[in-house]
Amino acid sequence: MDRKDFLKTCAGGLCTCAMAGLLAPPEASASDPVKKSDDWRLPFVNKRYTKLIALLADRLDEKTFNEVFEKLGRDCSASISWIKECRNDPDRYFSILKSRWHEDAVYDREKGIVTITSAERTACDCPLIGENRADPRVCNCSLGWQSQTFETVFGKKVRVELKESILRGGKHCTFEIRIGKDAATA
């Protein structure tokens, strides 16, 4: 999913920042004077969202900050219809991950553990962060997204652990997902 697709799909999860109108502009038509290369809105939103994160980080205690961003990620995932279409079909979901985002999924069925690793990159994949450097705790949004997604795909509780992230100095974003009975252990 590229940034434009993400914004169309996930803007509802960000309505709390009162920018939803800017986040999902209609498709540019031939008569539209704003060309993609001239569109200032996404870089503007990147900077404003990063500033919003910094303001929240200064004003919220650690627990609340993390809960807010996890909930944001869960809401984003819950709004994506094609994830629901992968219910009880993890192989279909893994195929979509590979084809759309070039992410690798390793599923140890015996242990009930999935490891998701993004392609190597230098910027956060979230279109609202992009090249900006945000508080690394914003990765709790991705933890929420992964949790909601895998609970939907597997129909079971999961526990997600962030092993590596771009915002925390890594070259990839890597998540370990423990499914079902293994979600509570480890």
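Buried means under 20% relative accessible area, exposed over 50%, and partly exposed in between, with a 1.4 Å probe and protein chains only. This is a predicted model, in which local features need pLDDT of at least 70 and side-chain atom pairs count only at pLDDT 80 or more, while totals for chains, interfaces and linings use all residues. Residues are numbered from 1 along each chain as its sequence is written, and side-chain values use heavy atoms, with hydrogens and water left out.

View 1. Helices (H or I, at least four residues) and strands (E, at least two) are DSSP runs, numbered from the N terminus. Ser-77 has a relative accessible area of 2% and is therefore buried. Beyond neighbours within four places in sequence, Ser-77 is in contact (heavy atoms within 4.5 Å) with Ile-83, Trp-145, Gln-148 and Thr-149.

**View 2. Ser-95 in helix α6 (residues 90–101).** Ser-95 is partly exposed, because its relative accessibility is 45%. Between the C-alpha atoms of Ser-95 and Ala-105 the separation is 8.7 Å, at 10 residues apart along the chain.

**View 3. The open sheet of four strands, in the order β1-β2-β4-β3.** The pairing is antiparallel; two strands pair if DSSP finds at least two bridges between them. The edge strands, each pairing on one side only, are β1 (104–108) and β3 (158–164).

**View 4. Strands β1 and β2 (residues 113–117).** Five bridges join β1 and β2 in the antiparallel sense. Asp-104 is opposite Thr-117 in β2.
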